[in-house]
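Some notes on the model below, as numbered points.

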Amino acid sequence: MAKKLTKKQKAQYEKVDNDAIYNVDNAIKLVKECATAKFDETIEVSMNLGVDPRHADQMVRGVVALPSGTGKDIKVAVFARGDKAEAAQKAGADKVGAEDLMEDMQNGNLDYDRIIATPDMMGIVGRLGKVLGPKGLMPNPKLGTVTPDPAAAVEAAKGGEVQFRVEKNGIIHAGIGKASFAEDALRKNFDAFVGAIIKAKPSGAKGRYVRKVAITSTMGPGLKLDLADVEGTQAAKEADA
């Protein structure tokens with residue numbers, strides 16, 4: 001049975017032409033207008049890529065710093081000892097520890113958006129592979145979450161850094177800000193995110209890499225974007241150079 005739309009949702013969807021292809025600026029403006037929930041909705045971008053991540057040479061994974069931030073309070077846990085643990089705490093980490101933090105996570109306390117570890121802590125963190133791996137929380141040096149400078153990693157995570165990883169069906173998505181953000185702030189974040197994805201194009205990708213792009217808010221309708229406009233952004237051009 002089809003889900004019944006509320007009056008507010010009907011009004012939102014009436015603003016959107018499902019068959020239309022929008023340029024980025026118009027889409028951002030419209031998606032903000034459709035974000036009428038009582039909370040500050042997240043603006044999300046989804047990209048359908050021409051890759052099969054089951055093959056190692058077609059995996060798309062990385063991290064990007066959004067210039068306007070995410071608007072989200074990121075909760076960070078850090079595995080570190082001594083001076084590095086103290087520095088991470090001062091940088092704003094929500095929880096810092098070693099064996100005690102491992103035991104806490106083994107007991108099911110995994111309410112974190114990012115987990116960071118110093119290299120010497122990976123022997124401890126490795127025991128959590130079965131619980132952290134499925135949640136995408138396992139520290140990884142390629143993502144900057146295994147680092148000798150955990151304080152800097154905490155600051156980056158809190159300051160608007162976003163991790164991305166393509167799913168098995170070739171879809172990659174991330175929040176690029178909040179509906180309360182100004183249009184130009186969302187545009188800057190959009191350009192940075194798209195540029196990072198294009199820059200991360202794997203060697204095994206064949207044919208068209210970026211196939212579809214859409215933008216939406218948490219509760220609003222999705223808008224299809226003009227690929228020529230998406231790939232024509234300055235960030236995308238620089239990433240593809």
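1. A search of the whole structure turns up 1 cavity of 30 Å³ or more. A cavity here is a set of points, on a 1 Å grid over the protein atoms alone, where a 1.4 Å probe fits but cannot get out. The largest cavity holds about 50 Å³ of space, the volume being the space filled by probe spheres set on the points, which are joined across faces, edges and corners.

2. This is a predicted model, in which local features need pLDDT of at least 70 and side-chain atom pairs pLDDT 80 or more, while totals for chains, interfaces and linings use all residues. Residues are numbered from 1 along each chain as its sequence is written, and side-chain values use heavy atoms, with hydrogens and water left out.

3. The lining of the largest cavity consists of R61, R114, I115, G136, L137, M138, P139, L143, T145 and Q163 (lining residues have an atom within 4 Å of a point). By class, the lining has 5 nonpolar, 3 polar and 2 charged residues; Gly counts as polar.

4. There is 1 aromatic pair in the structure (ring centres within 6.5 Å; edge-to-face means planes over 60 degrees apart). F164 and F193 make this edge-to-face pair, at 6.3 Å centre to centre and 90 degrees between the planes. The pair links distant parts of the chain, 29 residues apart: F164 belongs to strand β6 (residues 161-165) and F193 to helix α8 (residues 183-199). Helices (H or I, at least four residues) and strands (E, at least two) are DSSP runs, numbered from the N terminus.

5. F164 counts as buried because its relative accessibility is 5%, and F193 likewise at 1% (buried means under 20% relative accessible area, with a 1.4 Å probe and protein chains only).

Terms used
1 Å grid on protein atoms, 1.4 Å probe; cavity = no way out; pocket = protein on both sides within 12 Å on 5 of 7 lines; lining within 4 Å. Phe/Tyr/Trp six-rings, centres within 6.5 Å; stacked < 30°, edge-to-face > 60°. Buried < 20%, exposed > 50% of the residue type's maximum accessible area, 1.4 Å probe, protein only.
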